[in-house]
Structure formats: C-alpha cells, structure tokens
Amino acid sequence: MRNPLGIISASAQLLLEHPDDAELRSQCANKIYTATERASLIIENLLKFARPQSERIKPVDLHAVLEETLALLAHQMALQKVTLQKQFQPNLPRVHGSPEMLQQVATNLILNACNAMPEGGTLTVATRTTEAGQVQIRFSDTGRGIPPEHLSKIFDPFFTTMPVGKGIGLGLSISYSIIQQHQGTIGVESQVGQGTTFTVRLPVMADSR
Amino acid sequence: MEQEPPRILVVDDEPDMCWALENILRPAGYAVTDTTSGAEALELVVRERYAVAFVDAKLPDLDGLELTALIRQQSPHTAVVLISGYFYEEDRSITEGLQKGLFIGFIAKPFDLEEIRRMACQAVERARGVEEQGG
C-alpha cells in the first residue's frame, strides 16, 4: 500500500515544485492516476480479508494445502538440496479453517526447516489421525536443531536467530496464532545436531469423522 | 574542466518509483541509473562506480537487505540508502542494519523529496570522504 502512496506523494510534490513543466505535469498526473487505481485495488483486497472470520472458514483438505505449498517451494528446496519425504495418511479427514492461513503456516514451517539445513538434508511431512481424533501434521528436518535454551522462546514475536536482513522473527509467532485460531495446537521437539520436528494438531471437521 | 556529476544507482521493482527518484535526483545534479532487478544492480555496481545506491527493501529476485550486503561487499565505496514501503524506522531489521553500518540511511515510503535529496547529498559527501582517505 505504501508503494503506490509513495508514487502519488512523490508525483504530487514534483508537480508543486515544477508547475510550469508541461511534460512533467502530464507524466505526474498519469502516475497519480495509475497509482490511485492500484491503491484502490489493494484496499479492496484488504477489506475482503478483514471480513468476519465466518465468511473465510470452510472445509479444508490439508493434503491439497500441503501439496500446493510444497509445489510453490519446490524450486527453493531443490536449490538448497533438501530432499522431501511425504508420508500422507490416505483419506485424511478434513478440518474447518482458512486454507490461506493454513498455507501460511505450512510455508513458514517448511522454510524454517530448509533454513535449518543450509548444506541440504531431508524434510519429512507426515499426516495422520491421532488416537484423540485430531488431524496431525509433522514437519521434521535433519538440520542443526534448536538449543534447549531457545525452545521456550521460538514462538515469541521477534525472536530470531537469523542474521540481519534474513527475517525478523514473526513467522512462528504468526503460525502459533493461526493454529490457535483454528482451535489447534503446535509443538516442537528438537535435538541439536540432529534436527527438529514441529507437530500441528487440528480438530477434525464434524462431518468428516 | 567540468567535474562529472556523482553517480547514483536506483534499485526498485516499481518502474514508477524509479521514475520518481530519477526526476528528484537528476535535477539536483546527479547522474542517475535505475534498474528494477537486484541481479542487474549487482552487475552495475561492479561495472560502474556509484557513490550511492538507493535500494528498495523488497525486490522480487533478491531480498533488498541481502542485496545491500552484497553491494557493500562488491563495491565498498558505494553507500547504500534503504528505501521501503514495507519496513518502518523502528523495525529491528532497520535499527540493526543502521547500527552495523550495512546502510547509511533509511527512508520510509511515502517520503518528502527533500529527504531523498538530503540523503543523497550526505551519502555523496561520505563517499568523497572515504575516497580521500584512500578507502
């Protein structure tokens, strides 16, 4: 949103500074017009996103969400020499939720796993139904692991061990919040030098049982 | 002999933002080159000597902060000013980047034209100072 506003603002200031430059005046007017249309589109999309939660909640096929996320990240995983293993339980029950938000969680967890394996490794994504009747997704990597003293903080906003410019530490905090909104849980186990597993559990949709 | 104007590189994936910065900086006496690609920016800083690079923090082909670090590595005499419609001044990535000298200034969008000119002037003076010290 601030990008089109930046163009509108700069163009308007240039107009004020150079009112007699006809060519610049024409260019500025066009830039303002185009940027205003773009800003309007962004606001429209934001308003759609801000609609009451119930309008965005629907039955979600988690395998479809995971497949789409993995497809989007396939190139990056290949570049980082990350091997993918999928262990998907057939006929996994659906959950109630927002596919977009759940994809955001999957993206965050998969990217974190890849970042933990800078020399390459294996990412395992496994789904199953638990004994308690929930849907479980595990994201396991063979990366450097998380030191015990960091484990309690990793879901805190702005906690990051990444260098400057590589992330501001909001991904896991947002993922935690999204899973909570879905009445689910997210947990972590890790061994330094061996790898990390994030476990997401979500309630099964009533008519999926 | 007429001195060559200081060269400024503008890197922003929005062509209209490149246009705006060029129209702010050129009349102020700078030679401006712009690109919408981080990869091309890296080629340019190796090929030509730029006193300053205005770098957008979010580029589609390369993270702006990562690009900044690469520019500083490959062209240490080029001062970088980070511009962003995503970050704010108080964001940790920005405060840490300034503290570590990764970039010499940060400008949030939308901005005043004077901010851009002032930052360009400061950056060019700093680059001249570094050059005179043999840096």
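**Reading the model by its features**

Author: Along its sequence, chain B of this predicted model follows the pattern β-α-β-α-β-α-β-α-β-α. Chain B has five helices and five strands. Buried residues make up 51% of its 135 residues.

Reader: How are two helices compared, and at what angle do the axes of α2 and α3 of chain B cross?

Author: One considers the directions of the two axes; angles under 35 degrees count as roughly parallel. The axes of α2(B), residues 38-47, and α3(B), residues 64-74, come within 10 Å and cross at roughly 15°. The two helices are therefore roughly parallel to each other. The crossing in which α2(B) passes α3(B) is right-handed.

Reader: Which residues of α3(A) are buried?

Author: An α-helix has 3.6 residues a turn, so residues three or four places apart point the same way. In α3(A), the buried residues are Leu62(A), His63(A), Val65(A), Leu66(A), Thr69(A), Leu70(A), Leu73(A) and Met77(A).

Reader: What is found at the start of α3(A), and what follows the helix?

Author: At the start, a side-chain oxygen of Asp61(A) comes to within 3.0 Å of the backbone nitrogen of His63(A). After the helix comes Lys81(A), whose phi is positive, near 55°. Lys81(A) lies in the loop between α3 and β2 (82-88) of chain A.

Reader: Is Lys81(A) buried or exposed?

Author: A residue counts as exposed over 50% relative accessible area. Lys81(A) has 62% relative accessibility and therefore counts as exposed. Gln183(A), in the loop between α6 (171-181) and β6 (185-191) of chain A, has a positive phi near 60° and is a residue other than glycine. Gln183(A) also counts as exposed, because its relative accessibility is 62%.

Reader: Which peptide bond is cis?

Author: The value to read is omega. The bond from Lys109(B) to Pro110(B) is cis, with omega near -10°. Pro110(B) is placed in the loop between β5 (105-108) and α5 (113-132) of chain B.

How values were computed: Residues are numbered from 1 along each chain as its sequence is written. Chains are lettered from A and ligands numbered from 1 in the order in which they are written. This is a predicted model: local features need pLDDT of at least 70, side-chain atom pairs count only at pLDDT 80 or more; totals for chains, interfaces and linings use all residues. Side-chain values use heavy atoms; hydrogens and water are left out. Buried means under 20% relative accessible area, exposed over 50%, partly exposed in between (1.4 Å probe, protein chains only). Helices (H or I, at least four residues) and strands (E, at least two) are DSSP runs, numbered from the N terminus. A polar contact is a pair of N or O atoms within 3.5 Å; within protein, one must be able to donate a hydrogen and the other to accept it, and residues adjacent in sequence count only if both atoms are side-chain atoms. Axes are lines fitted to C-alpha atoms, for helices over the stretch in contact, and angles run from 0 to 180 degrees between N-to-C directions. Angles under 35 degrees count as roughly parallel, over 145 as roughly antiparallel, 65 to 115 as roughly perpendicular and the rest as oblique. A crossing is left-handed if the near helix is turned anticlockwise from the far one by less than a right angle, and right-handed if clockwise.
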